[in-house]
Amino acid sequence: MSTSTLTDSPAWKALQAHHAEVAGLHLRQLFAADPTRGDRFTAEACGLYLDYAKNRVTGRTLELLVALAAERGLRGRIDAMFRGEKINTTENRAVLHVALRAPRGEKIVVDGEDVVPGVHEVLDKMADFAGRVRSGAWLGHTGRKIRNVINIGIGGSDLGPVMAYEALKFYSDRALRCEFVSNVDSDDFAEAVRGLEPAETLFVISSKTFTTLETMTNARTARDWVVAGLGGDESCVARHFVAVSTNAEKVREFGIDTANMFGFWDWVGGRYSMDSAIGLSTMVAVGPDNFHAMLAGFHEMDEHFRTAPFGENLPVLMALLAVWYGDFFDAQTAAVLPYEQYLKRFPAYLQQLTMESNGKSVTLDGDHVDYNTGAIYWGEPGTNGQHSFYQLIHQGTHLIPCDFIGFAKTLNPIGRHHDILLANMFAQAEALAFGKTAEEVRAEGTREDLVPHRVFEGNRPSNTILAEVIDPKTLGKLIALYEHSVFTQGTIWGINPFDQWGVELGKVLAQRIIPELESQDAPELKHDSSTNALIARYRRMNS
Ligand code: F6P
């Protein structure tokens with residue numbers, strides 16, 4: 001696949017010409033022209049219903065987008081990923097998060113070795129451990145039952161676990177308190193352990209590399225907190241710390257017995273790792289059966305993505321629509337709006353998944369792109385956003401494609417809440433699409449000078465994803481939907497969604513600045529004048 005010639009490709013050029021024809025069409029016209037649009041522009045798979053009718057597309061747009069996917073070699077890339085080929089070329093790694101949810105007995109070979117048995121070995125070890133913590137068989141150093149589980153990790157070693165914990169809280173063991181510490185800001189650690197008994201607290205140190213500054217700083221602080229709280233006896237670490245990592249040597253160096261280490265592999269990217277041992281805290285919270293149900297949901301969506309024709313393929317459709325808006329309408333951002341409080345951390349999780357993956361400006365060949373790549377993802381659970389930023393989506397100057405996510409049933413049926421919630425979700429998508437014309441505003445008797453202020457242009461696109469209820473399996477399907485959409489977008493753009501070199505420079509510079517903040521004597525500062533002045537002022541303010 002040639003990656004640098006995207007904008008010269010026949011499918012791209014056809015889309016450009018087509019865009020010039022359809023960009024001026026209003027969703028009101030598209031719906032008026034086809035009364036069946038609301039049924040036709042939909043797809044359903046794995047129990048997820050995707051309504052993409054309120055997008056600024058015609059049947060022809062979809063044909064052309066699907067042709068683009070074919071021309072960009074998407075089928076081959078999907079097969080290569082699932083076969084375990086080293087498609088993460090800049091790190092020379094396979095990309096096999098799909099193997100983490102492959103059922104026992106399936107075969108996926110990397111470097112001559114079937115990785116699936118190893119995946120299940122770790123899952124079994126996790127289940128055994130989670131079961132012991134939940135039942136009280138795993139006791140703290142002084143023989144007390146574990147009541148608090150604190151995951152220490154950051155990025156992919158935090159966002160997936162905390163999102164899944166919040167999403168599946170309804171299914172969690174309420175006798176266990178789960179906390180997630182990620183920020184190196186000591187406020188995060190201090191607030192997480194406030195009021196907790198070290199004797200009843202278990203830390204799960206989650207870090208693929210076991211070298212990440214934030215995580216190792218928090219882990220050391222946690223160790224000091226436990227050791228001090230339990231009388232200074234270092235041997236207590238064994239009962240209060242377990243590690244999730246690919247780096248046994250560093251785990252040992254930290255003082256955690258590798259018998260209490262849960263491993264994974266370099267072919268699992270950080271932001272794709274929540275199904276690996278990185279999900280240990282999730283499994284402890286919700287139990288092995290629910291964790292396995294989540295994995296089954298992921299796998300179902302994996303199979304759909306791998307096998308369904310592109311025109312019916314949920315992740316592919318969502319990705320193609322993202323490319324359509326980002327590259328042809330110059331949309332810079334995309335909003336994800338779950339109408340489900342349990343998904344409150346889903347937008348934050350998606351920010352890493354989408355932006356660390358597709359925030360790239362060179363192709364796999366190292367050429368600079370001359371088109372937009374990954375959009376800025378953001379969002380809040382409904383209906384809170386409606387009383388905050390929706391104003392801008394409705395009447396602002398930016399085109400912001402929205403994903404509405406809702407569920408037919410609530411886990412907490414109380415009075416009219418759920419109908420009111422879903423009515424709001426449907427209403428927002430309707431209002432965005434169809435708006436309100438000046439004539440309609442006038443017909444309501446609005447004063448003429450207020451008419452322009454009260455007009456809603458409409459023609460603002462959205463997808464609506466509807467599922468039955470938020471449960472472990474559905475959560476797995478939803479996450480895999482976005483994972484594969486991100487991969488598909490990256491494939492169209494010819495970039496590598498699986499590396500993250502852009503996070504390195506800041507890490508290196510921070511290591512240089514730390515001693516300059518900590519040294520007793522005033523250091524000789526050799527940064528730019530702004531950074532020098534800030535460091536000098538910080539030192540003065542702290543002296
Ligand atoms: O922010 C960069 C990153 O490498 C992420 O990709 C990763 O999820 C996170 O840091 C944490 O890394 P680790 O699990 O090695 O501590």
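In the predicted model, strand 2 pairs with strand 13 (residues 462-467) in the antiparallel sense, over three bridges. Within this pairing, L50 has I465 of strand 13 as its bridge partner. Strand 2 (residues 48-51) also pairs in the antiparallel sense with strand 1 (residues 42-45), here over four bridges. L50 of strand 2 stands opposite A43. Strand 1 and strand 2 form a hairpin with two residues between the strands, in which C46 takes a positive phi near 55°.

Leaving aside neighbours within four places in sequence, L478 is in contact with L48, I465, L343, F346, I405 and F407. L478 belongs to the largest nonpolar core, which has 124 residues. Together with W267, F346, L475 and Y482, L478 is among the residues with the most contacts inside this core. Another core, of 26 residues, lies apart from the largest one and includes I205, M216, W225 and A243.

The analysis of open space identified a largest pocket with a volume of about 1000 Å³. This pocket is lined by 38 residues, of which T209, T212, Q500, V503 and K507 are the closest to its centre. Two or more lining residues are given by each of helix 9 (213-229), helix 15 (346-358) and helix 21 (504-518). Helix 21 provides the largest share of the lining, four residues. By residue class, the lining of the largest pocket comprises twelve nonpolar, 17 polar and nine charged residues.

The second largest pocket has a volume of about 320 Å³. Of its 13 lining residues, E340, Q341, T410, H417 and L421 are the closest to the centre. The lining of the second largest pocket divides into four nonpolar residues, eight polar residues and one charged residue.

Helix 15, one of the elements that give two or more residues to the lining of the largest pocket, also contains Q352. The relative accessibility of Q352 is 11%, and Q352 therefore counts as buried, the cut-off being under 20%. Apart from neighbours within four places in sequence, the contacts of Q352 are with G155, G156, L159, R271 and S357.

Methods:
Residues are numbered from 1 along each chain as its sequence is written. This is a predicted model: local features need pLDDT of at least 70, side-chain atom pairs count only at pLDDT 80 or more; totals for chains, interfaces and linings use all residues. Side-chain values use heavy atoms; hydrogens and water are left out. On a 1 Å grid over the protein atoms alone, a cavity is a set of points where a 1.4 Å probe fits but cannot get out, and a pocket is an open set with protein on both sides within 12 Å along at least five of seven lines; lining residues have an atom within 4 Å of a point. Grid points are joined across faces, edges and corners, and a volume is the space filled by probe spheres set on the points. Ala, Val, Leu, Ile, Met, Phe, Trp, Tyr, Cys and Pro count as nonpolar, Asp, Glu, Lys and Arg as charged, and the others, Gly among them, as polar. Buried means under 20% relative accessible area, exposed over 50%, partly exposed in between (1.4 Å probe, protein chains only). Contact means heavy atoms within 4.5 Å. A nonpolar core is a set of buried Ala, Val, Leu, Ile, Met, Phe, Trp, Tyr and Cys residues joined through side-chain atoms within 4.5 Å. Two strands pair if DSSP finds at least two bridges between them.
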